[in-house]
Amino acid sequence: MTKPTMQNGSGEKGAWAAGLSQEDLMEKDTVLVLDVKDKLVGSASKKDSHVFSKEQPRGVLHRAFSVFLFDKSDKTMLLQQRASSKITFPNVWTNTCCSHPLHGMTPGEVDDLEAVANGNPVGVKHAAIRKLKHELGIPLDTFQPSDFKFLTRLHYWAADTVTHGPLAPWGEHEIDYCLFVTVDSKDKLVIDPHPEEIDNTKWVSMEKLDSMLADKSLLFSPWFRLIVQKWLKTWWKDLDKTMTTDIHCDFVTIYQFDPPQEHMGGAGNASALFLKGDDSKKQGAYGKIKTHKESLLSQIVRTDEAFAALSLLYINPLKSNLDTDFVRKTFDAEDLAFCDDILVKVSRSFAGVIRQLPSSMLVDIMIFYLVLRALDTIEDDTTSFESSEIKINYLKKFHETALEDPKWSMDGVGAGDERRLLQNFPKCHRVYKALQPKSREVIADITRKMAYGMAEFVDKDLGQGTLDLSEYSRYCHFVAGLVGEGLSRLFAASGLEPDSLSQEMFLADQMGLFLQKTNIIRDYLEDYVDKRAFWPQSVWKKYSKTGDLGYFTQQSDPAIRKQSLYCLNELITNALELVPDCLDYLAKLRCQEIFRFCAIPQVMAIATLDKCYSNSDVFTGVVKIRKGLSCKLILKTNTLAEVHDTFRRFAMSIMAKAKKQKRNGVDDPSFDKTIKACETIVTRTTALCELQQMATTGNRAVFLGILSAALAALLFVHNTDSVDANWQVAAKGGLALLAFVSTRWKPLPSPPSRLRPASDISKNI
């Protein structure tokens with residue numbers, strides 16, 4: 001390669017960096033200033049672009065690269081420790097080489113977006129060769145641009161607060177190009193580090209890197225930590241394929257990352273750039289994405305829903321069974337109060353459903369939920385662990401540490417109330433230890449299974465979703481299907497449900513999958529922003545013209561909107577196919593309170609799918625059903641017939657929407673499957689619904705007939721003076737007869753139900 005030269009302001013050329021200090025390079029190097037789409041919009045000195053101030057809280061966005069050099073013979077990677085004399089991020093360990101392409105260089109280091117889209121940013125690769133020579137002394141002819149594998153880009157920022165304190169005047173704000181390159185053997189590689197650039201170098205295995213990351217005495221650059229957490233292990237484990245194929249390449253997406261908490265702030269007091277919201281409440285994107293709500297008027301005019309809300313809040317609320325003699329005598333009041341309070345905080349609206357369970361098993365389910373929520377908090381945290389291996393280790397040992405060590409807790413993981421749950425976990429542990437042995441056994445077993453399942457997905461790059469429907473369902477099994485299994489075993493262990501229910505693992509799994517798939521469908525945008533998406537690529541790539549999951553967010557484009565709705569409806573149809581198994585599971589329950597506990601989330605799910613069907617709002621925010629409708633649905637979960645009626649109504653609603661679109665010329669590829677799934681639900685629920693309808697209609701007709709006849713007789717008797725006395729006597733006799741019939745009339749019975757209150761069942765246990 002030609003020795004890099006730089007043209008100065010007078011048009012004269014000279015060897016780049018010759019005789020220049022760190023301060024000189026900060027003033028003279030001219031970086032490429034970008035917009036958020038990586039388009040070149042100007043230039044700035046390296047110094048000006050890295051200044052953090054009130055005027056530019058995160059500096060100036062510019063282009064950068066990160067080189068990862070590997071020895072093919074033993075698959076070790078070369079790390080460098082940045083020199084203590086560096087102005088930005090001194091003393092930190094990081095990848096092999098990290099720097100910036102510059103203006104005015106020969107060979108040229110400026111790439112247009114077409115070169116990036118084609119996967120060959122030659123300018124960035126020239127810059128990488130230049131800096132490998134400058135920092136590490138690797139001869140220029142060691143590598144050619146074609147030797148580098150460009151993988152993807154990340155947009156991140158970080159204030160150098162670790163070095164310069166909370167008001168750090170320096171930081172990074174870059175779109176960073178990830179480059180892999182290999183040598184046959186490190187023994188043949190010439191390395192002569194520049195003392196003003198590098199203090200130390202080290203070839204490391206994956207295991208050695210993990211041990212270094214776990215060493216709190218060592219500092220690591222924020223960009224390196226982000227790349228390690230997001231991609232490095234996956235790319236490294238598959239090094240041959242990474243270098244010879246495009247299996248891990250993504251030339252379209254610019255992944256966005258806010259820094260670890262310790263790199264927030266700086267002289268400009270910069271906060272999160274990519275996620276706006278109240279981080280004290282929930283971790284991830286929850287609460288930071290727009291929620292699509294119907295207007296207040298839209299809710300008020302639905303008088304049945306308004307009455308249902310009033311009824312549930314004031315007339316017939318879900319009764320809490322927490323304050324009973326059994327609970328008070330069995331569990332420590334202070335610990336239980338914490339568990340009850342944190343349950344409300346971390347479970348959104350699920351606390352009330354748990355509290356209405358029988359007191360003999362209420363606390364078992366509460367602790368089961370909190371244990372799994374704590375585990376889920378660890379899984380969801382993408383920034384607090386130095387490496388995926390460390391995170392996996394925490395997950396796999398959770399059932400041994402959190403459930404066995406009474407003093408176990410965790411700090412610095414999760415956000416808001418989830419973090420508080422982990423910090424105060426000993427309180428949950430003490431309540432857990434007071435449970436019956438059978439319940440503890442179930443909770444520990446399911447926690448272990450779920451943790452191992454979660455660990456399976458930690459190293460997977462989920463920025464673009466799961467691979468296919470099989471992996472999609474597998475993930476849902478680990479995080480929701482296993483919950484169904486655990487609940488079934490706890491129900492049976494309580495004696496309120498038969499032992500046979502603990503063997504209904506398939507139906508319990510399907511019920512969990514139905515709920516989880518509904519959540520994943522609804523939470524498209526939240527999950528995409530969090531870079532942990534679950535929509536299966538085998539489905540959405542059929543509809544994304546760019547091969548990127550974020551394609552569907554561009555709802556202002558009619559063509560994209562059409563494709564996004566096709567994709568959405570296919571996933572909704574996939575979820576609807578699980579409904580018959582959910583109904584079969586509910587039909588096996590005999591305890592009234594347990595039935596409602598299981599039925600309420602199910603009816604909410606089918607209502608949510610109806611709300612989401614062909615609804616483009618899914619791609620621009622979070623879609624939620626009306627609160628009044630939620631209350632109405634809750635009040636209609638007393639019998640299997642009521643639940644069947646709810647499923648039938650929403651299945652018919654989805655079917656009507658699909659048929660209307662068909663008549664309007666919309667050629668939805670999933671139309672036939674959608675209609676078939678809805679017809680199956682309608683067929684399965686019609687018989688019980690018709691019996692319920694007959695009883696309701698018949699009773700209403702008889703009642704109205706009696707009332708009408710009575711009113712007519714009263715009017716006849718009291719308002720007719722000229723009528724023969726005999727007719728008046730007859731009318732009065734008829735009125736008396738109607739009164740007698742009405743008092744003796746027995747309403748037509750509703751369809752028989754096998755459900756009984758827990759108190760009745762407990763008498764026979």
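**Figure 1. Lining of the largest cavity in the predicted model.** By class, seven nonpolar, six polar and eight charged residues line the largest cavity. Here Ala, Val, Leu, Ile, Met, Phe, Trp, Tyr, Cys and Pro count as nonpolar, Asp, Glu, Lys and Arg as charged, and the others, Gly among them, as polar. The space in this cavity amounts to about 210 Å³. Among its 21 lining residues, Arg82, Lys86, Thr88, His100 and Glu172 are the closest to its centre. Two or more lining residues come from each of helix H1 (22-28), helix H2 (46-50), S5, strand S8 (97-99), helix H4 (122-136) and strand S11 (171-183). Two cavities of 30 Å³ or more are present in the structure. On a 1 Å grid over the protein atoms alone, a cavity is a set of points where a 1.4 Å probe fits but cannot get out, whereas a pocket is an open set with protein on both sides within 12 Å along at least five of seven lines; lining residues have an atom within 4 Å of a point. Grid points are joined across faces, edges and corners, and a volume is the space filled by probe spheres set on the points.

This is a predicted model, in which local features need pLDDT of at least 70 and side-chain atom pairs count only at pLDDT 80 or more, while totals for chains, interfaces and linings use all residues. Residues are numbered from 1 along each chain as its sequence is written, and side-chain values use heavy atoms, with hydrogens and water left out.

**Figure 2. The second largest pocket.** This pocket holds about 890 Å³ of space. Of its 28 lining residues, Thr253, Ile254, Tyr528, Asp548 and Gln554 lie nearest the centre. Helix H3 (113-117), strand S13 (254-257) and helix H21 (524-529) are the elements that give two or more residues to the lining. The lining comprises 15 nonpolar, nine polar and four charged residues.

Figure 3. Strand S6 (residues 76-82) is largely enclosed by the rest of the structure, because seven of its seven residues are buried. Buried means under 20% relative accessible area, exposed over 50%, and partly exposed in between (1.4 Å probe, protein chains only). Thr76, Leu78, Gln80 and Arg82 point one way from S6, and Met77, Leu79 and Gln81 point the other way. S6 runs antiparallel to strand S5 (residues 62-71), to which two bridges join it, and Thr76 is the bridge partner of Asp71. Four residues separate S5 and S6 in a hairpin, where Lys75 in the turn has a positive phi of about 55°. Six bridges connect S6 with the antiparallel strand S12 (residues 198-204); Met77 is partnered there by Val204. Strand S7 (residues 93-94) also pairs with S6 in the antiparallel sense, over two bridges, with Gln81 opposite Trp93. Strands (E, at least two residues) and helices (H or I, at least four) are DSSP runs numbered from the N terminus, and two strands pair if DSSP finds at least two bridges between them.

**Figure 4. Phe491 in the largest nonpolar core.** Phe491 is one of five residues, with Val363, Ile367, Leu370 and Trp535, that touch the most other members of this 143-residue core. A nonpolar core is a set of buried Ala, Val, Leu, Ile, Met, Phe, Trp, Tyr and Cys residues joined through side-chain atoms within 4.5 Å. Beyond four places in sequence, Phe491 touches residues including Met361, Ile365, Tyr585 and Phe597.

Methods
Contact means heavy atoms within 4.5 Å.
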